[in-house]
Amino acid sequence: MNGAPAGYWWLRRGVRLGHDPVRRTPVMLHPEGVLLLNETAAAILHVCQDTAGAAEIEDVLAERSDTVDTAEVEAFLTALATRHLLEPVMPAQTSAPGGAGPETGRHCGG
């Protein structure tokens, strides 16, 4: 995903967020396994499901902390894209593979 434009990210098909009741931690479930998330990562990814812009991510993080490092957020999203858990979307693209698009709320700002 090197060189992916800053913009929107979609959870890839087959990836979803959940909660592990045994470990009492948020998780990202994907076909190859489970990724344990900390609370900040979970907050970012929930915004990816619910909203469309980087401003919303910053607002959610600002509720948890006095400072928001947008470069760290972008690095986190890019790292997930490298693992094929998120995919970058060109701003002109109107729907994700499989028919999910902005109208379904599966994207977030980068």
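Predicted model: local features only at pLDDT ≥ 70, side-chain atom pairs only at ≥ 80, totals over all residues.

Trainee: Which pattern do the helices and strands follow along the sequence?
Mentor: The chain has three helices and six strands. Read along the sequence, these elements follow the pattern β-β-β-β-α-α-α-β-β.

Trainee: In the open sheet of three strands, what is the strand order?
Mentor: Begin with the pairs: β2, residues 16-20, and β3 run antiparallel to each other over five bridges, while β3 and β4, residues 33-36, are paired in the antiparallel sense over four bridges. The edge strands of the open three-stranded sheet, which has antiparallel pairing, are β2 and β4, each of which pairs on one side only. From one strand to the next the twist averages 35°. The order is therefore β2-β3-β4.

Trainee: How many of the six residues of β3 are buried?
Mentor: The strand spans residues 25-30 and is described as mostly covered. Buried here means a relative accessible area under 20%. By that cut-off, the number of buried residues in β3 is five.

Trainee: Which residue is the bridge partner of R16 in β3, and which residue in β4 stands opposite M28?
Mentor: Both can be read from the bridges that β3 makes with β2 and with β4. For R16 the partner in β3 is L29. On the β4 side, H30 has G33 as its bridge partner, and the residue opposite M28 is L35.

Trainee: How many residues lie between the strands in the hairpin of β2 and β3, and what is the phi of R24 there?
Mentor: The hairpin of β3 and β4 has two residues between its strands, whereas that of β2 and β3 has four. R24 is placed in the loop between β2 and β3. Most residues other than glycine have a negative phi.

Trainee: Is R24 buried or exposed?
Mentor: The cut-off for exposed is a relative accessible area over 50%. R24 has a relative accessible area of 71%, so this residue is exposed.

Trainee: Where does H84 lie, and what is its phi?
Mentor: H84 is found in the loop between α3 and β5, the latter spanning 86-89. H84 is a residue other than glycine with a positive phi, and the value is near 65°.

Trainee: Is L37 buried or exposed, and which residues is L37 in contact with?
Mentor: L37 sits in the loop between β4 and α1, and because its relative accessible area is 6%, L37 is buried. Its C-alpha atom is separated by 9.4 Å from that of H19, 18 residues apart along the chain. Leaving aside neighbours within four places in sequence, the contacts of L37 are L17, T25, P26, V27, M28, A42 and L45.

Trainee: How much space lies in the largest pocket?
Mentor: Rolling a probe the size of a water molecule over the atoms shows where empty space is left. For the largest pocket, the volume comes to about 170 Å³.

Trainee: Which element gives the most to the lining of the largest pocket?
Mentor: The lining is made up of T40, I44, L61, R64, S65, T67, V68, D69, E72, V73 and F76. Two or more residues come from each of α1 (39-50), α2 (54-64) and α3 (70-82). By class, the lining has five nonpolar, three polar and three charged residues. The element that gives the most, with three residues, is α3.

Notes
Residues numbered from 1 in each chain as written. Heavy atoms only, no water. Buried < 20%, exposed > 50% of the residue type's maximum accessible area, 1.4 Å probe, protein only. Axes fitted to C-alpha atoms, helices over the stretch in contact; angles between N-to-C directions. 1 Å grid on protein atoms, 1.4 Å probe; cavity = no way out; pocket = protein on both sides within 12 Å on 5 of 7 lines; lining within 4 Å. Points joined across faces, edges and corners; volume = space filled by probe spheres on them. Nonpolar A, V, L, I, M, F, W, Y, C, P; charged D, E, K, R; others polar. Contact = heavy atoms within 4.5 Å.
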